[in-house]
Amino acid sequence: ETDTASESSYSFGRIKKSPSSLTNLSSSSGMASLSSVSGSLMSIYSADFGNVDVKGNIQFAIDYVEQLKELHIFICQCKDLAVADVKRQRSDPHSIGKNSACCNFFFLTCSCQYKIEKDLLKNQSLNISVWHNDTFGRNSFLGEVELDLGAWDWNDPSSKQINWFPLKPRVAITLNLENRGEMKLALQYVPHPTGGKKTPSTGEVHIWVKECHNLPLLRGNRLNSFIKCTILPDTSRKSRQKTRTVAKTTNPVFNHTMVYDGFRPEDLKEACIELTVWDHNKLANHFLGGLRIGLGTGKSYGTAVDWMDSTSDETALWEKMMNSPNTWTEDTLPLRML
């Protein structure tokens with residue numbers, strides 16, 4: 001399948017957890033397909049925020065190429081960055097590309113392209129962040145720039161020029177309250193499943209995705225939607241499942257059940273179901289909205305993680321499932337940006 005900019009960046013924010021106590025997570029939908037928790041993708045976001053006083057600037061340009069239907073970003077250089085390594089009075093910054101190790105430095109000029117329809121940019125923000133790259137893997141946040149692409153004047157020639165932008169501290173993430181439709185689903189925890197060669201001490205989580213209502217239209221009148229499911233903290237491809245694609249409706253009925261085993265009762269406090277809804281076409285899949293159903297504690301197995309951010313309604317469904325084993329618990333939840 002072809003990933004869009006949204007989908008290919010979706011693994012950002014995963015925190016590596018090794019070893020995980022979910023040692024034998026498997027998934028099935030009709031037929032069993034075994035997988036194991038291999039540890040999540042480590043990204044620059046598994047790092048320190050707020051430990052450095054942000055200062056300095058970054059120079060870049062953006063442009064939308066109509067013929068290619070691509071957003072182009074050109075990163076040039078940074079200057080006057082904060083010092084992250086106080087002992088050696090240096091920062092090893094990275095945003096995109098290689099760089100020298102000092103506080104006034106140049107990137108090797110680099111660019112990246114994202115295949116995306118121009119109409120989709122109305123609801124998108126561009127975030128470019130700069131980080132101190134620590135040898136031992138604990139990166140430090142040096143600042144970021146966030147642009148509202150919906151307010152960007154693409155017809156202004158000056159909007160395509162290379163400009164300096166001040167780096168700013170990270171602000172608290174707020175949920176996008178824009179209406180993205182809703183999903184009707186049911187959950188069930190089965191502590192002691194019957195049949196098969198399951199480990200007696202572990203159970204199964206069953207996810208019954210029933211239907212979605214009032215999904216947003218991104219491409220005129222066309223909408224061909226499907227749903228992906230991942231049980232965090234495992235983000236390996238083997239643990240991912242998805243429904244079939246339902247064509248030409250904003251109210252698709254999926255009626256699809258997914259099963260994940262290897263869950264001890266204590267694992268339910270650390271895991272999170274991530275369900276994402278996508279619009280499929282031949283060139284790319286576009287993100288419509290999603291859910292993260294868990295306890296929303298901000299932590300998993302003692303490690304702070306940004307994906308454990310369930311809303312009160314999402315948390316209520318998860319708690320109801322935990323407290324009612326062997327019983328389907330159902331709700332209709334609003335989709336949101338993740």
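Let's begin with a cluster. Ring pairs link Y64, W152 and W154. One caution before I go on: this is a predicted model.

How many aromatic pairs turn up in the whole structure? A search finds six. I'll take two of them. In the pair F60 and F165, the ring centres are 4.3 Å apart and the planes meet at 20°, so this pair counts as stacked. Planes under 30 degrees apart get that label. Buried or exposed? Both F60 and F165 are buried.

Now the other pair. W131 and F141 have ring centres 5.4 Å apart and planes at 70°, so they are edge-to-face. W131 belongs to strand β8, residues 125–132, and F141 to strand β9; they are 10 residues apart. W131 and F141 are both buried as well.

Next, strand β4 itself. This strand covers residues 57–65. Eight of its nine residues are buried. Which strands does β4 pair with? One is β5, residues 70–79, joined to β4 by nine bridges and running antiparallel. V65 has its bridge partner in β5, and that partner is E70. The hairpin of β4 and β5 has four residues between the strands. Within that hairpin, K69 takes a positive phi near 55°. Another partner is β10, again antiparallel, with four bridges to β4. Here I58 stands opposite F165.

D156 lies between β9, residues 139–148, and β10, residues 163–166. How accessible is D156? Its relative accessibility is 30%, so D156 counts as partly exposed. The side chain of D156 makes a polar contact of 2.9 Å with the side chain of S158.

On to helix α2. This helix runs over residues 312–323, which is 12 residues. From first C-alpha to last, α2 reaches 16 Å, close to the 16 Å expected. Which residues of α2 are buried? They are E314, T315, L317, W318 and M321. An α-helix has 3.6 residues a turn, so residues three or four places apart point the same way. The face turned away from the buried side carries the exposed residues S312 and N323.

What does the buried side of α2 pack against? Five strands: β11 (182–190), β12 (203–213), β17 (272–280), β18 (285–293) and β21 (329–334).

Let me finish inside one of those strands. Q188 is in strand β11. Its relative accessible area is 10%, so Q188 is buried; the cut-off is under 20%. A polar atom of the Q188 side chain lies 3.5 Å from the backbone nitrogen of T327. Q188 also touches several residues beyond four places away in sequence, among them E204, V205, H206 and W328. M321 is on that list too. That brings us back to α2, where M321 is one of the buried residues.

How values were computed
Residues numbered from 1 in each chain as written. Predicted model: local features only at pLDDT ≥ 70, side-chain atom pairs only at ≥ 80, totals over all residues. Heavy atoms only, no water. Helix = DSSP H or I, 4+ residues; strand = E, 2+ residues; numbered from the N terminus. Expected span 1.5 Å × (residues − 1). Buried < 20%, exposed > 50% of the residue type's maximum accessible area, 1.4 Å probe, protein only. Contact = heavy atoms within 4.5 Å. Polar contact = N/O pair within 3.5 Å; in protein donor to acceptor, adjacent residues only side chain to side chain. Pairing = 2+ DSSP bridges. Phe/Tyr/Trp six-rings, centres within 6.5 Å; stacked < 30°, edge-to-face > 60°.
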